[in-house]
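Work through the exercises below with the sequence and the 3D structure at hand, and try each task before you read its solution.

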Amino acid sequence: MSPSEPLPSVAPALVTSGKPRLLTFDLPPFATISLKSPNSLLLDLMAINSLLGTELPIIQAPMAGVQGSALAIAVSDAGGLGSLPCAMLGIDAIRRDFESILSRTSKPFNVNFFCHNPPTPNLEKERAWQSLFSSYYTEFEIDLETIPTGVARLPFNREMADLVCEFRPKVVSFHFGLPSPELLAMVKGCGAKVVSSATTVEEAIWLQDHGVDAVIAQGLEAGGHRGMFLTTDINSQLGTFALLPQVVAAVRVPVIAAGGIATARGVKAALDLGASAVQIGTAFMLCPEATTSTVHRAALKSDEARLTALTNVFTGRPARGIVNRMVRELGPMCSMAPEFPKATAASFQLRQKSEGLGKGDFSPLWAGQNTSGCKEVSAAQLTQELASLI
Ligand SMILES: Cc1cc2nc3c(=O)[nH]c(=O)nc-3n(C[C@H](O)[C@H](O)[C@H](O)COP(=O)(O)O)c2cc1C
């Protein structure tokens, strides 16, 4: 059936049910079953097209620090939704990347921002944190006086919202909740679809109640920072295939599955569990369009990648990365770490010096639990491979 043909009579019921992706038969509660039908699959693809503007229900996860516009452009051109992470970029760099994307593709893309609360200064805690590193500073001949104090990650602000309104990306995604109602209204007012990560059912419902167009269900397997914002308890965090169906059952908006999805079968399984789309990060990190550092690429390709952990020692917030010397010796979770992102500065120079020696001992080697899908192939080829069973 082509998209222009009228849908069979069952379709309106599916659409008005509020959950177009599932066909639920009218059976007693104890016998209720949900099945994907060809019609609901077609509706899924139509719904995702109107939400993301893409042909494929595949979002390349924004990954601050390991990619810029090139990866986003390649994935968008291949029919998925490429993402530009802005959390570690200054306003001029964001503008340059917007211009670069718009000059090289007319396809929809996503821009991504963090919206954490700025940290409360706590000099005492920062000093105590730095003192934990003193033997490393001696080892690498680093003068304590030269440790930077700046903050590398800024939350979404008015200047960023102005840029969004100037360049009008199809999708804007947030991590760590949502920005203020005023900034959110600006983003929505300029026509962007808004999505954000939920790591629990409660967060998903909160995001829906605060006006998102879709929720990303970020499972515990996911690489990088946990998007958690209503809880700090890492025991509340669920694996993707435990979290996803519960979020699908709890909200009316479409749900995007993220965390540990790295193959076409994984994509299909997530769609079968009710996801309207998937968001995939780690698998794209070896693509030539990514800017993943040499030490990070080497770690991803090594056996070390089999052992990841949630750690707060790099930034102050839990994030999943490959276990290295710093995680082993100070973490993985350390109660002395200052508030996000203040913890970052203490290891900045150690990271530089260690990487100069070809080692990733002090680098945040962000990666999800499933690195089996990382391939040194073009992002376009990987996108097509991931979509091959849809
Ligand atoms: C290296 C890396 C950096 C990340 N940076 C961001 C980011 O800047 N913004 C964001 O919303 N999510 C970020 N994430 C999390 C992803 O959005 C997504 O939840 C995750 O990649 C999905 O799990 P997977 O890596 O197993 O595919 C990052 C993930 C990785 C691996």
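A crossover is right-handed if, with the strands pointing away from the viewer, the path from the first strand over the helix to the second runs clockwise. Helices (H or I, at least four residues) and strands (E, at least two) are DSSP runs, numbered from the N terminus. The model is predicted, so local features need pLDDT of at least 70 and side-chain atom pairs count only at pLDDT 80 or more, while totals for chains, interfaces and linings use all residues. Residues are numbered from 1 along each chain as its sequence is written.

**Exercise 1.** Describe how strand E7 (residues 193–198) is connected and paired on either side.

Solution. Start with E6 (171–175), which together with helix H8 (residues 181–189) and E7 makes a right-handed β-α-β unit. Two strands pair if DSSP finds at least two bridges between them, and E6 and E7 pair in the parallel sense over 4 bridges, with Phe 174 opposite Ser 196 in E7. Next, E7, helix H9 (residues 201–209) and strand E8 make a right-handed β-α-β unit. E7 pairs with E8 (residues 214–218) in the parallel sense over 4 bridges, and Val 195 stands opposite Ala 214 in E8.

**Exercise 2.** Is E7 largely enclosed or open?

Solution. A residue counts as buried if 20 or more other C-beta atoms, placed from the backbone, lie within 10 Å of its own. In E7, 5 of the 6 residues are buried, so the strand is largely enclosed by the rest of the structure.

Terms used:
A residue is buried if 20 or more other C-beta atoms lie within 10 Å of its own, exposed if 12 or fewer, and partly exposed in between; C-beta atoms are placed from the backbone.
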